[in-house]
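Please read the following alongside the sequence and the coordinates.

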Amino acid sequence: ASLTPTGCPGPNTMATMTGRGAGSKNAKEKNAKKVPELADLLERRDYMGAITLLEFDRKLFFDQKNASGWKPRDGTGAFEWVDGGNGTLTDEEKQQDEQRCMWLAYAAYHLGDFRKALDTYQTLVDGGSQDQMLHVYQGCCLLGLGWHAEAEEKAIQGPTCPLQNRLLFHISHRMNDENKLMMHHQKLNDTTLDQLSLASIHYLRNHFQEATDIYKRLLLENRDYTALNCYVALCYYKLDYYDVSLEILAAYLQANPDSSIALNLKACNQFRLYDGKAAEAELQPLTKDAPNIDKLDSALVRHNMVVFQNGERALQVLPQLVGVVPEARLNLVIYHMHNNEIQEAYDLMKEIEPTSPQEYILKGVTNLALGQQMDSREHLKVAQQYFQLLGASASECDTIPGRQCMASCFFILRQFDDVLIYLSSIEAYFPNDPTFQYNHAIAKAAAAKYKEAEPLLLALQSGTHAEELVRDYIFQMWLPRCLFLKGKK
């Protein structure tokens with residue numbers, strides 16, 4: 001297995017549609033000394049700027065409200081002395097401050113600061129707000145924090161509405177509750193937000209073609225939702241159509257050249273098509289100001305830089321990203337396997353219930369390696385089952401990884417003629433891969449095809465990995481056996 005970059009966390013359209021040029025910073029300040037308007041900041045998606053402005057406005061308002069001094073008495077034209085801290089908010093002032101808090105929570109949520117958004121909504125609840133939608137908004141924040149049971153509880157406290165259903169739909173997926181998932185699925189309507197939510201669930205469940213179909217249809221209906229191009233490109237990346245993904249992404253990047261999500265996805269495509277150097281070049285606008293990987297703001301970019309640099313600084317970067325970037329755990333497992341740290345790799349995968357092809361493969365590989373190391377038939381049996389589950393599945397049976405899994409399954413079962421059927425079907429895709437050539441040669445030798453195995457083994461012996469093969473017991477046993485028996489078979 002090789003290290004795998006991640007395109008982006010995946011489309012998240014559960015609560016809102018943020019598709020018109022998401023991630024761009026294309027507005028220019030017309031007057032550097034002019035205080036920006038909240039609407040302009042939100043339009044530019046400058047959520048940090050919006051939060052700063054709102055907090056400043058609230059502090060200024062309460063400082064003025066609570067300051068000591070002479071203040072006009074209502075309706076009389078006279079003045080009265082008011083001590084600081086005794087200013088009572090009028091109904092109009094309460095409503096204005098509630099609006100500020102609502103926008104503050106909105107900006108914090110879209111910035112990804114779910115805790116701040118949750119606390120702001122709780123302040124409104126504690127202040128006596130009667131808006132029942134606050135419970136649903138709090139549920140969205142709790143989902144973002146990964147507190148799924150609490151998110152469900154809050155969502156149920158809110159009113160029945162499309163947003164509540166979308167929220168419960170996503171919570172059901174995160175909690176692996178198929179019955180509730182289907183119930184909320186049936187309540188979805190043919191609206192843009194509901195269909196975006198459905199597409200994102202398809203994506204999260206690895207149903208990339210279904211997600212692509214929905215996004216493409218929505219893009220035809222909403223031409224100005226340009227961020228949908230990123231979602232479509234991401235789906236094509238997951239479907240291994242890297243050229244198509246780049247082509248779709250190009251139009252979006254032309255309009256939004258500094259979009260971090262789009263640049264990251266382009267880098268991942270380049271990595272798949274070419275190599276890590278080409279991918280690193282695409283991330284240059286995001287990494288040029290950072291002295292090293294650890295100083296990069298984006299966890300996603302830090303993760304992918306480790307992948308693009310072939311695992312460099314993996315032990316410093318990846319462990320802290322486990323649970324943050326989904327692929328971080330898998331790539332850490334691959335790093336340990338490459339360094340023959342089998343127990344560490346196995347421990348990372350031990351409690352994982354696989355849902356994606358990569359997880360099935362790594363569950364199989366770690367159990368296989370540990371089974372060989374400990375001479376454990378139990379681990380080998382588990383590995384064989386994981387390989388068979390993936391390789392025989394309808395979605396993976398005709399893919400290269402699927403056929404590799406079936407070859408591994410039959411290898412464990414010692415059915416070497418079947419191994420050769422699967423390896424021969426994908427041989428053209430690995431012309432210079434020494435690992436594939438090694439497995440192919442050993443399978444031919446084990447199937448008593450000594451004449452065919454001999455040239456493959458000799459080619460490996462004179463190749464770039466000859467020094468490693470000198471220390472490989474299995475290789476050193478099979479090569480003389482083939483040389484000895486080639487005239488008999």
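The model discussed here is a predicted one. Glu-93 sits in helix H3, which covers residues 91–111. Beyond its neighbours within four places in sequence, Glu-93 is in contact with Phe-61, Lys-65 and Thr-88.

The side chains of Arg-58 and Asp-97 meet at 2.8 Å, N to O. This pair links distant parts of the chain, with Arg-58 in helix H2 and Asp-97 in helix H3, 39 residues apart. The two partners fall in separate accessibility classes: Arg-58 is partly exposed at 21%, whereas Asp-97 is buried at 10%. Arg-58 and Asp-97 belong, together with Arg-100, to a network of salt bridges.

Glu-55 forms a salt bridge with Lys-116, and the closest N and O atoms are 2.6 Å apart. Here too distant parts of the chain are joined: Glu-55 is in helix H2 (residues 47–66) and Lys-116 in helix H4 (residues 114–126), 61 residues apart. Both ends count as partly exposed, Lys-116 with a relative accessible area of 25% and Glu-55 with 35%.

Another salt bridge joins Glu-178 and Arg-205, at 3.1 Å from N to O. Glu-178 lies in helix H8 (residues 178–186), while Arg-205 lies in the loop between helix H9 (192–204) and helix H10 (208–221), 27 residues from its partner. Glu-178 is partly exposed at 39%, and Arg-205 is partly exposed at 27%. The salt bridges number 14.

What is the count of disulfides? It is zero. Cys-141 is in no disulfide, since the nearest cysteine sulfur, that of Cys-140, is 6.8 Å away and a disulfide requires a pair of sulfur atoms within 2.5 Å. Cys-141 is buried, because its relative accessibility is 0%. Cys-482 also has 0% relative accessibility and so counts as buried.

Tyr-473 belongs to helix H27 (residues 473–485) and is exposed, with a relative accessible area of 61%.

The chain as a whole comes last. It has 27 helices and two strands, and 44% of its 489 residues count as buried. Among contacts with a separation of 6 or more, 49% are between residues 24 or more positions apart. The chain exposes about 26800 Å², of which carbon and sulfur atoms supply 50%.

Methods:
Residues numbered from 1 in each chain as written. Predicted model: local features only at pLDDT ≥ 70, side-chain atom pairs only at ≥ 80, totals over all residues. Heavy atoms only, no water. Buried < 20%, exposed > 50% of the residue type's maximum accessible area, 1.4 Å probe, protein only. Helix = DSSP H or I, 4+ residues; strand = E, 2+ residues; numbered from the N terminus. Contact = heavy atoms within 4.5 Å. Areas by Shrake-Rupley, 256 points an atom, 1.4 Å probe, with all protein chains shown as cover. Salt bridge = Lys/Arg side-chain N within 4 Å of Asp/Glu carboxyl O.
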